[in-house]
Amino acid sequence: MLNLLIDKFLEGKGAVITGGASGFGRGVAHAFAEHGADLVLVDINKDLLEETSSDVEKKYGRKVVPIVCDVSKSNQVEAMAKQAAKELDNIFFLFNNAGIATAYGRNICRIKEDDWDKIMAVNLKGQWLVAKAFWRKLKANKFEPIAGKIVCTASIAGMVVDPKIPSYSITKAGVIALTQLLAKTLAPKVTANAIAPGFHVTGIYLNSERDMKITYIDGNVKTPLSRFGTVQDVVNVVLFLASPLSDFITGHVLPVDGGIAEVGVPPHDIHDSIYDDVE
Ligand SMILES: NC(=O)c1ccc[n+]([C@@H]2O[C@H](COP(=O)([O-])OP(=O)(O)OC[C@H]3O[C@@H](n4cnc5c(N)ncnc54)[C@H](O)[C@@H]3O)[C@@H](O)[C@H]2O)c1
């Protein structure tokens, strides 16, 4: 039986991680390299990308190729995919993860066209462009029984739309639909699943628990498991999805949210210690 904690089950396989410089992308880069993968890390933030790539390469001794690319620009995505294929001839896994947040608070009737256009371009069009640039490569692998795998980062806001972040919610609902379409289109050779994180301190909250807590409390969010998520919580699920243990799963969205989106427990039934230190 495969041991996800120790086995080098990604040895001989390559992975492309967008948004690889920070947050979930960086966490997955460390975990994948530890489990034997060679990596292409893609990000728009050049300095952070170089820092993360060199940290991962030094720590695990794997090949790590940083490529600066804005995933919302088709010409940059095409050039990035070409370079990635030159560097790695065994790209098995695509973590389609780069994303941005939006200003908190404006409702769907009041958001600005510029904000709408920007977030649609990065969060939704970006994931589509990247999937479009890599599907042939994934499908052409000789790996059995699954030739390649895609995991797209959605959000619980794509499962239960949040009126305070409407355009973000729509992008993430779109990512779930994109994932289902990829799963149907690329089966049986390639699987495609989405993850839906909840509240985790990362770059989209400016790495500040306080900033995240403000939106959590304002939204009257309740987490049945009574803590915030960590980057590691997400990494664990992505490792599972990259492993043979998930070979019969495609087209699904897996919440990694402590139960916010789906458990459906009424808020008054939950003791949520996240609120304890709030005056
Ligand atoms: N942190 C959370 O609680 C949470 C919850 C649900 C979903 N998500 C999603 O997780 C994904 C990863 O975000 P994170 O939380 O790790 O935040 P993060 O800011 O730490 O990481 C996102 C990375 O994407 C990069 N990026 C942004 N725009 C880009 C572009 N146009 N082209 C290429 N790279 C770009 C950023 O530079 C950054 O390194 C995002 O899709 C986000 O929407 C996060």
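Guide: Here is a short tour in questions and answers.

Guide: This is a predicted model, in which local features need pLDDT of at least 70, side-chain atom pairs count only at pLDDT 80 or more, and totals for chains, interfaces and linings use all residues. Residues are numbered from 1 along each chain as its sequence is written.

Visitor: How many helices and strands are there in the protein chain?

Guide: The protein chain has eight helices and seven strands. Both are DSSP runs, numbered from the N terminus: helices are H or I with at least four residues, strands are E with at least two.

Visitor: Why are α1 and α2 called roughly parallel?

Guide: Helix α1 spans residues 23–34 and helix α2 residues 46–60; their axes come within 10 Å and cross at roughly 20°. Axes are lines fitted to C-alpha atoms, for helices over the stretch in contact, and angles run from 0 to 180 degrees between N-to-C directions. Angles under 35 degrees count as roughly parallel, over 145 as roughly antiparallel, 65 to 115 as roughly perpendicular and the rest as oblique. Therefore α1 and α2 are roughly parallel to each other.

Visitor: Which residues make the contact of α1 and α2?

Guide: From α1 come Arg 26, Ala 29, His 30, Ala 33 and Glu 34, and from α2 come Thr 52, Val 56 and Tyr 60. In contact means that the C-beta atoms, placed from the backbone, lie within 7 Å. By class, the contact of α1 with α2 has four nonpolar, two polar and two charged residues. Ala, Val, Leu, Ile, Met, Phe, Trp, Tyr, Cys and Pro count as nonpolar, Asp, Glu, Lys and Arg as charged, and the others, Gly among them, as polar.

Visitor: What makes α1 and α8 oblique?

Guide: The axes of α1 and helix α8 (residues 231–242) come within 9 Å and cross at roughly 55°. α1 and α8 are therefore oblique to each other. Among the residues in this contact are Phe 24 and Val 28 of α1 and Val 235 and Leu 239 of α8. The contact of α1 with α8 divides into eight nonpolar, three polar and no charged residues.

Visitor: How do α3 and α4 pack?

Guide: Helix α3 (residues 74–87) packs with α4 at an angle of about 30°, with their axes 9 Å apart. That makes α3 roughly parallel to α4. Ala 81 and Ala 85 are among the α3 residues that meet α4, where Ala 133 and Phe 134 are among the partners.

Visitor: What surrounds the ligand?

Guide: 28 residues surround the ligand, and the closest are Gly 19, Gly 23, Gly 99, Thr 202 and Gly 203. A residue counts if its C-beta atom, placed from the backbone, lies within 6 Å. The shell has eleven nonpolar, 15 polar and two charged residues. Its largest share, three residues, comes from α1.

Visitor: Where are the cis peptide bonds at Pro 145 and Pro 188?

Guide: The bond from Glu 144 to Pro 145 is cis, with omega near -5°. Pro 145 sits in the loop between α4 and β5 (148–153). The bond from Ala 187 to Pro 188 is also cis, with omega near 5°. Pro 188 lies in the loop between α6 (166–186) and β6 (190–197).

How values were computed: Contact = placed C-beta atoms within 7 Å.
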